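Subject: Structure handover

Hello,

Here is the structure I promised to pass on. Please open it first, then read my notes below with the model in view.

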Amino acid sequence: MKRKNFIIIGGIILVFAIIIFIIIATMDKNMKIGFTGSKTSNEMTASFQYFNGTEDKKLNLAEGEKLSVAYELQVSKGVLTINILDEEGNILESRKDEKGIIELNAKSSQKYSIKIIGDKSKGSYAISWN
């Protein structure tokens, strides 16, 4: 009887340990602390104490249409990246520098994405496009 109780209690502890491990392993994938941001039709801004994850904006562009993205990234910890992706998720442009302009001519009519990726970062970003 004691052995059966020991096995049951051990099983319960093991299940709880697995659940806690899964929660901790997935918790940091898209975490924002002190995140204040806004998105409009042609602008994204945010400031944050901790940002580990992504923010994005999808844009419909016609073939041959020109996209101009002005960005300013301020980072005091971690890494902050801006990516421009096509509809299939292919990275067309990627930048980590503080300030710049990305020019892109749409090769085909489709949805493009402007994606901000925070990797355990602290800081802010301001992005605008035509």
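The largest nonpolar core holds 22 residues. Seven of them touch the most other members: Val-69, Ile-82, Ile-114, Ile-116, Tyr-125, Ile-127 and Trp-129. Keep in mind that this is a predicted model. Which elements give two or more residues to this core? They are β3 (43-61), β4 (66-85), β6 (99-105) and β7 (110-129). The biggest giver is β4, with seven residues.

Start with Ile-114, one of the residues that touch the most other core members. Set aside its neighbours within four places in sequence. Ile-114 is then in contact with Met-44, Glu-55, Asp-56, Lys-57, Leu-59, Val-69, Ile-82, Asn-83, Ile-84, Ile-127 and Trp-129. Val-69, Ile-82, Ile-127 and Trp-129 are also on the list of residues that touch the most core members.

Now go to Trp-129, which sits in strand β7. Is Trp-129 buried or exposed? Its relative accessible area is 5%, and buried means under 20%, so Trp-129 counts as buried. What does Trp-129 touch, beyond residues up to four places away in sequence? The list runs Thr-40, Ser-41, Asn-42, Glu-43, Met-44, Lys-57, Leu-59, Leu-67, Ser-68, Val-69 and Ile-114. Trp-129 and Ile-102 are 27 residues apart in sequence, yet their C-alpha atoms are 9.3 Å apart in space.

Stay in β7 for two further residues. Ser-124 belongs to this strand. With a relative accessible area of 18%, Ser-124 is under the 20% cut-off, so it is buried. Leaving out neighbours within four places in sequence, Ser-124 is in contact with Ala-46, Ser-47, Phe-48, Glu-72, Leu-73, Gln-74 and Leu-80. Lys-120 is also in strand β7. Look at its backbone: Lys-120 is not a glycine, but it has a positive phi of about 50°.

Next, strand β6, where you will find Ile-101. Outside the four places on either side in sequence, Ile-101 is in contact with Ser-68, Val-69, Ala-70, Tyr-71 and Arg-95. Compare that with Lys-115. Ile-101 and Lys-115 are 14 residues apart along the chain, and 15 Å separates their C-alpha atoms.

Asp-97 lies in it, between β5 (91-95) and β6. How exposed is Asp-97? Its relative accessible area is 39%, which falls between the cut-offs of 20% and 50%, so Asp-97 is partly exposed. Beyond its neighbours within four places in sequence, Asp-97 is in contact with Tyr-71 and Leu-73. Asp-97 and Tyr-71 are 26 residues apart along the chain, with 9.4 Å between their C-alpha atoms. Tyr-71 is a contact of Ile-101 as well. Leu-73 is a contact of Ser-124 as well.

Then turn to the helix. Ile-20 is found in helix α1 (residues 2-27). It is partly exposed, with a relative accessible area of 49%. Ile-20 and Lys-4 are 16 residues apart in sequence and 25 Å apart in space, C-alpha to C-alpha.

Now step back to the whole chain.

The overall dimensions come next. The C-alpha trace spans about 75 × 35 × 20 Å along its principal axes. The radius of gyration is 21 Å, whereas a compact globule of 130 residues would have one near 14 Å.

A few totals to finish:

- Buried residues make up 27% of the 130 residues.
- Take contacts between residues at least 6 apart in sequence: 68% of them join residues at least 24 apart.
- The accessible surface is about 8600 Å², and carbon and sulfur atoms account for 57% of it.
- The chain has 18 positive and 15 negative charges, and their mean positions are 14 Å apart.

Best wishes

Technical notes
Residues numbered from 1 in each chain as written. Predicted model: local features only at pLDDT ≥ 70, side-chain atom pairs only at ≥ 80, totals over all residues. Heavy atoms only, no water. Core = buried A, V, L, I, M, F, W, Y, C linked by side-chain atoms within 4.5 Å. Buried < 20%, exposed > 50% of the residue type's maximum accessible area, 1.4 Å probe, protein only. Helix = DSSP H or I, 4+ residues; strand = E, 2+ residues; numbered from the N terminus. Contact = heavy atoms within 4.5 Å. Rg over C-alpha atoms; globule rule 2.2 N^0.38 Å. Areas by Shrake-Rupley, 256 points an atom, 1.4 Å probe, with all protein chains shown as cover. Lys, Arg positive; Asp, Glu negative; His and termini not counted. Charge placed at Lys NZ, Arg CZ, Asp CG, Glu CD.
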